[in-house]
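Please read this report with the model open beside you, and look up each part as the text reaches it.

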Amino acid sequence: SMLYPMVNCEDFVGNPRVEEGYCMNNTGAWGHDLLNDPKRVGIARATVPAKGVVTAGPLNLIQGGDTFIARLPINMDPDEGHIMVVDNVTYPCWGFVVVLLDWSTLKEQSNIYKEFENEKMQFKLTRTDMINGEEVVKSIAESENSEICASGNVTLDLDTGDNGWVFSVCFNDGFSPNYKVWVYPIVFIGSFIFMILLMLVLVSKTQLESILLRLMPPRAIKKLRRGETIVEKYDMVTIFFSDIVGYTKMSSEMTPQEVMKMLNDLYSKFDIEAAKHGIFKVETIGDAYIAVAGCPKKCSGPEAAQRMALFALDAMKIVKDYQTDDGANVCIRAGLASGPCVAGVIGTALPKYTLFGDTVNFAARMEQTSQKMKIQISPSTQRMLLDAPAYDFECVERRDDSGELGVELKGKGRQYTYWVESATKMSTSSKTDEIAAEKAKMVDILEQPEENV
């Protein structure tokens, strides 16, 4: 052992907790093997493998009452023979550095009692020791009225190395601050205002979602939020175009407000019919109304043509019954075309879901060459309507004044188009008879001799 000083008197001069003239004589520690001392073997075994300071206490020592013993292992090169073996494990430990800390002095110098008194709080610091296999809780520091911390307190577990410490704190009046009288109303009012604001945000978000869903399909909205390019291909859709006959002359005789009101009243009724028939309104450009069936919600070609033709017939009925505020009648012309198309969103500022492809141009030509209060359809749409699942459509071939079939279209030449006159809902029996007739026809063809087929 290296002990210095061997006999220490000066550190105890004036210490009221030791006898006057006391000196610490370390001669008895010379050669003392702590690992074989039954009273100290526990703390010694804990110190040898430790990587830091190991404390024990406070212990009632003759050196000054309640005292902490702090030990730090001294590790050296094991090749020089400085090793210790604990529980059959070899450690490069030469010995310990031991320091005694006066617990009472530490408490006084920390000013902990005054600090808690100023805050009108109480505290209690306890230590749990294992004695004869039983846990014994001992108070090692506490304020004057620490007993009120028995309930409603806040505790903190401290790891001291040799035993468990628990630090408990509480207010003199419990955890009920004196400002609760005015804080609670403020918190309540603030929470209520926050709830109202949050509700307004959620309502606004819902309204925004509703508006977006009217402008473009949900699938396109999700892609737009992810920053993806929206391009969707459709094999067979039916597109509707219409405009107001004589709109230029009519609008010149009306104020802009009257024109806006007329278009809004008329096309709001169109929107209701569009929702009723399950078609998607693409946009309105001036007096033009554009819609599509089979996109973005896909369906069969005949079903898309049926939906759009029914919508067009209902739109004609709406226009027949409509009058402006000054009693004037309105007339439209409409055109339908069926075929493939591409749908997507162009740009980031005011993004719009729109259609592209030859079918769009064909539908526009059908509307431009149509006649007042008539619905002109392309040959492909007429073929789709022949297979309509639930309605029989009366389609009349278009002829010019000379009786020639079709109409000349810019860029497409002469096209054999049709007028949609009316639609009749098929009964279940008639539809069944039609299917049975088709099957019988196919059977007859298959049963014919090979040379006649």
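Gly301, Pro302, Ala305, Gln306 and Ala309 in helix H8 meet Thr381, Met384 and Leu385 in helix H10, where a contact means heavy atoms within 4.5 Å. Sorted by class, this contact of H8 with H10 has five nonpolar, three polar and no charged residues; here Ala, Val, Leu, Ile, Met, Phe, Trp, Tyr, Cys and Pro count as nonpolar, Asp, Glu, Lys and Arg as charged, and the others, Gly among them, as polar. H8 and H10 (residues 379-386) pack at an angle of about 105°, with their axes 8 Å apart. The axes are lines fitted to C-alpha atoms, for helices over the stretch in contact, and the angles run from 0 to 180 degrees between N-to-C directions. H8 and H10 are therefore roughly perpendicular to each other, given that angles of 65 to 115 degrees count as roughly perpendicular, under 35 as roughly parallel, over 145 as roughly antiparallel and the rest as oblique.

The model is a predicted one, in which local features need pLDDT of at least 70 and side-chain atom pairs count only at pLDDT 80 or more, while totals for chains, interfaces and linings use all residues. Residues are numbered from 1 along each chain as its sequence is written, and side-chain values use heavy atoms, with hydrogens and water left out.

Helix H8 (residues 301-321) also packs with helix H7 (residues 256-277), at an angle of about 150° and with the axes 10 Å apart. That angle makes H7 roughly antiparallel to H8. The contact is made by Leu266, Lys269, Phe270, Glu273, Ala274, Lys276 and His277 of H7 together with Arg307, Leu310, Phe311, Asp314, Ala315, Ile318 and Val319 of H8. By class, the contact of H7 with H8 has eight nonpolar, one polar and five charged residues. H7 passes H8 in a right-handed crossing, a crossing being right-handed if the near helix is turned clockwise from the far one by less than a right angle, and left-handed if anticlockwise.

Of the 453 residues of the chain, 36% count as buried; buried means under 20% relative accessible area, exposed over 50%, and partly exposed in between (1.4 Å probe, protein chains only). Among contacts between residues at least 6 apart in sequence, 60% join residues at least 24 apart.

How many disulfides does a search of the whole structure find? The search finds one disulfide, a term used here for a pair of cysteine sulfur atoms within 2.5 Å. A disulfide is a covalent bond between the sulfur atoms of two cysteines. The bond joins cysteine 9 to cysteine 23, with 1.7 Å from S to S. Both cysteine 9 and cysteine 23 lie in the loop between strand E1 (7-8) and strand E2 (24-25), and they are 14 residues apart. With 110° about the S-S bond, the link of cysteine 9 and cysteine 23 is right-handed.

| Residue | Relative accessible area | Class |
|---|---|---|
| Cysteine 9 | 30% | partly exposed |
| Cysteine 23 | 28% | partly exposed |
| Cysteine 331 | 23% | partly exposed |
| Cysteine 395 | 24% | partly exposed |

Some points of the backbone also deserve attention. Most residues other than glycine have a negative phi, and most peptide bonds are trans. Asparagine 111, in the loop between helix H2 (103-110) and helix H3 (112-118), has a positive phi near 60°, and with a relative accessible area of 38% this asparagine is partly exposed. Lysine 120 also has a positive phi, near 55°; this lysine is found in the loop between H3 and strand E8 (121-131) and, at 58% relative accessibility, counts as exposed. A cis peptide bond, with omega about -5°, joins cysteine 295 and proline 296, and proline 296 lies in the loop between strand E14 (288-293) and H8.

Glycine 286 sits in the loop between strand E13 (280-285) and E14, and its relative accessible area of 49% makes this glycine partly exposed. Leaving aside residues up to four places away in sequence, glycine 286 touches Leu263 and Tyr267. Glycine 286 and tyrosine 247 are 39 residues apart in sequence and 9.5 Å apart in space, C-alpha to C-alpha.

Methods. Helix = DSSP H or I, 4+ residues; strand = E, 2+ residues; numbered from the N terminus.
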